[in-house]
Structure formats: C-alpha cells, structure tokens
Amino acid sequence: MKKKNFKISLVFVYTILIVWALTTIFPLLWSIMNSFKNKKAIYNNSFALPVDKLFSLDNYKAVFANYDILNAYRNSFIISGTVAVVVILFSGMAAYILTRYKFPGKGILDALLYAGMMFPIYSTIIPVLRMMTGWGIVNTPHVSLNLLSVILPQIAGNMSFAIIVLRSYMRGLPVELEESARIDGCSRTRIFFSIIIPLLKPTIVSVVLMDMFWIWNDFMVPLIMMNNERLMTIQLSISRLFGQYASKWDIALPALVMTILPIVIVFILLQKKIMDGVIAGAVKG
C-alpha cells in the first residue's frame with residue numbers, strides 16, 4: 001500500500017477550519033443550552049448542560065405567553081418571502097435582457113449594476129426614508145402599506161446581487177434552445193418562463209435562500225421604517241428584551257433560538273443546492 005503524503009500545510013488548513021467551525025457553532029450551542037435554564041442558572045452555571053433541575057420549559061412558555069412572537073414570525077416571513085419572490089422575478093428578467101440583447105446604454109446599466117453592489121443599503125437609508133415618508137407609507141395605520149415601506153428598500157438592495165449571479169449562469173445557457181422555441185412559435189414571455197426559469201433553478205434556489213437569510217436577520221430597515229408593535233419583525237421583538245439597565249436573558253435566549261433554528265435547519269437541508277447553485281454560476285460565468 002502506498003503511504004499518503006503527510007503535508008504540514010494541510011494540517012494547518014484543517015486546524016484553522018476546525019477552530020473556525022467551533023467558534024461559529026459554540027454560540028449557538030450555548031444559546032440552546034441556556035434557553036432551558038432560569039436566569040439564576042444562566043448566570044451561575046452557563047456552561048453546564050441543562051439536565052435534571054437545570055432543565056425547564058418555563059422560558060419558552062413565557063415567550064409565547066408574554067410576547068406576540070408568532071405575529072413577529074408572520075411579519076418576518078411576509079417581508080422575506082415577498083422580497084425573495086419579487087427579486088427573483090425582476091432580476092431574472094433583467095439578467096435575461098442584459099445577457100441576450102444589445103441596446104444603447106447597456107454599458108451604463110452594467111456599470112450601475114456593479115456600483116449597486118458597492119454601496120450598502122444603510123448608506124442610502126436617509127433619502128430612502130424621506131422618499132417612503134413622501135409616499136405616505138411610513139408609520140401608517142395600514143398594515144400592508146407599512147410593510148411595503150420595508151419591502152421596497154429590501155427589494156432595491158438585493159436586486160444587483162441577484163442580477164449578477166443569475167446573469168453569470170445565464171451566459172452559459174445554449175441560445176439554440178431559445179431559437180428552437182421561437183421556430184415552434186413560442187413568445188419571448190413563454191420562452192423565459194418555460195425554458196429559462198427551469199434551467200436557472202439551481203441558481204434561483206441559492207439566490208432566494210441567501211436573500212431570505214439576509215432579510216430575515218436585518219434589523220436596521222424595519223427599525224427605521226416601522227414603529228408599530230403589530231408590525232415588528234422577529235429581530236425587533238428580540239431587541240426589546242434588552243435594555244440599558246436590564247436584560248431578560250431567560251426570555252431572550254429562547255426567542256433567539258427560535259429565530260436562529262429555522263435558518264440553520266433550512267441551510268442544513270438545502271446546503272447542497274446552495275453550493276451547487278453558486279458553483280454552477282461561477283463555472284458558467
């Protein structure tokens with residue numbers, strides 16, 4: 001049998017990856033363990049496993065009894081889902097046009113597209129807030145309009161990334177498929193939805209999930225655009241548990257776990273699809 005070559009560089013790389021993984025996983029495990037303890041146990045035995053007397057479900061019961069956590073979940077899902085669907089629809093159309101057609105000003109649009117990736121949404125939050133206020137959709141009694149004040153900036157902030165990723169994959173799709181469809185009498189709209197979208201499915205899954213992760217965890221935009229308690233997202237609801245002089249760790253930790261776990265579960269279940277979409281876009285581009 002041939003002996004495998006021992007490389008110090010490989011050991012170093014694996015050591016760095018293991019340390020990085022532990023520093024990433026530990027806060028989640030610590031939060032889960034302490035979410036089953038009372039406040040005294042959290043301060044005195046924060047690293048102990050929640051067994052025997054340390055284990056209790058009272059914290060989770062208190063979250064549902066004293067805070068409208070389900071309503072916050074609903075608002076976060078509405079915002080994340082709406083933004084993801086609209087971004088995929090419009091960015092897919094834009095990527096298709098920019099990839100398949102030549103027209104005056106295309107170079108300018110390309111430059112603006114990449115420039116949109118350079119500036120974070122928070123750098124434009126003040127003019128965006130003034131715009132939303134001028135439209136009368138900030139802090140209104142209408143639930144749908146108030147949610148729209150968060151959804152629209154999120155759509156604008158995620159469009160550039162989605163177009164660039166979808167466009168890089170679309171460049172590798174054979175034009176002959178579309179030409180054959182045109183010969184058979186398909187319209188451009190039908191070609192896009194019946195041929196292009198199914199072929200883009202791996203990349204679409206990646207873009208949707210990455211956008212939803214970012215939107216789900218966003219705190220700043222909902223904080224600025226909404227002051228109505230009924231419209232608070234999950235991140236805003238959790239932030240109310242921490243104050244200048246006191247922090248409700250026994251309530252906050254279960255809420256944090258319920259916020260993080262959906263993202264972790266979705267990522268674990270779909271991580272292969274996410275990586276396949278990212279790699280496919282990079283190779284095709």
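Predicted model: local features only at pLDDT ≥ 70, side-chain atom pairs only at ≥ 80, totals over all residues.
View 1. Helices here are DSSP runs (H or I, at least four residues), numbered from the N terminus. Asn-71 has 13% relative accessibility, so this residue counts as buried; the scale is under 20% relative accessible area for buried, over 50% for exposed and partly exposed in between, with a 1.4 Å probe and protein chains only. The side chains of Asn-71 and Arg-74 are joined by a polar contact of 2.7 Å. A polar contact is a pair of N or O atoms within 3.5 Å; within protein, one must be able to donate a hydrogen and the other to accept it, and residues adjacent in sequence count only if both atoms are side-chain atoms. Leaving aside residues up to four places away in sequence, Asn-71 touches Glu-229, Arg-230 and Met-232, where contact means heavy atoms within 4.5 Å.

**View 2. The salt bridge of Arg-100 with Glu-178.** Side chains of opposite charge can pair when their charged atoms come close. The rule used here asks for a side-chain nitrogen of Lys or Arg within 4 Å of a carboxyl oxygen of Asp or Glu, and the count comes to two salt bridges. In the Arg-100 and Glu-178 pair, the closest N and O atoms are 2.6 Å apart. Arg-100 lies in helix H4 (residues 69-100) and Glu-178 in helix H8 (residues 175-183), so the pair ties together parts that are 78 residues apart in sequence. Glu-178 counts as buried because its relative accessibility is 2%.

**View 3. The salt bridge of Asp-110 with Arg-167.** Here the closest N and O atoms are 2.7 Å apart. The pair links distant parts of the chain, with Asp-110 in helix H5 (residues 106-118) and Arg-167 in helix H7 (residues 143-170), 57 residues apart. Asp-110 and Arg-167 are both buried.

**View 4. The largest nonpolar core.** A nonpolar core is a set of buried Ala, Val, Leu, Ile, Met, Phe, Trp, Tyr and Cys residues joined through side-chain atoms within 4.5 Å. The largest one has 39 residues, and Ile-79, Ile-196 and Met-225 have the most contacts inside it. At least two residues of this core come from each of H4, helix H6 (125-135), H7, helix H9 (188-199), helix H10 (201-216) and helix H11 (220-225). H7 gives the largest share, 11 residues. Not counting residues up to four places away in sequence, Ile-196 touches Tyr-96, Met-170, Leu-173, Glu-178 and Ile-191. A second, separate core of 19 residues includes Tyr-73, Trp-216, Leu-241 and Val-257.

**View 5. The aromatic pair of Phe-36 and Tyr-60.** Rings of Phe, Tyr and Trp (its six-membered ring) pair if their centres lie within 6.5 Å; planes under 30 degrees apart count as stacked, over 60 as edge-to-face and the rest as tilted. That rule gives nine aromatic pairs. The ring centres of Phe-36 and Tyr-60 are 5.2 Å apart with planes at 40 degrees, so this pair is tilted. Phe-36 sits in the loop between helix H1 (8-34) and helix H2 (39-44), and Tyr-60 in helix H3 (residues 58-66), 24 residues apart. Phe-36 is buried at 18% relative accessibility, and Tyr-60 is buried at 13%.

**View 6. The aromatic pair of Tyr-73 and Phe-77.** With ring centres 6.2 Å apart and planes at 20 degrees, the pair is stacked. Both residues lie in helix H4, four residues apart, about one turn of the helix. Tyr-73 counts as buried at 13% relative accessibility, whereas Phe-77, at 45%, counts as partly exposed.

**View 7. Asp-52 in the loop between H2 and H3.** Asp-52 is not a glycine, yet has a positive phi of about 55 degrees. At 72% relative accessibility, Asp-52 counts as exposed.

Key
Residues numbered from 1 in each chain as written. Heavy atoms only, no water.
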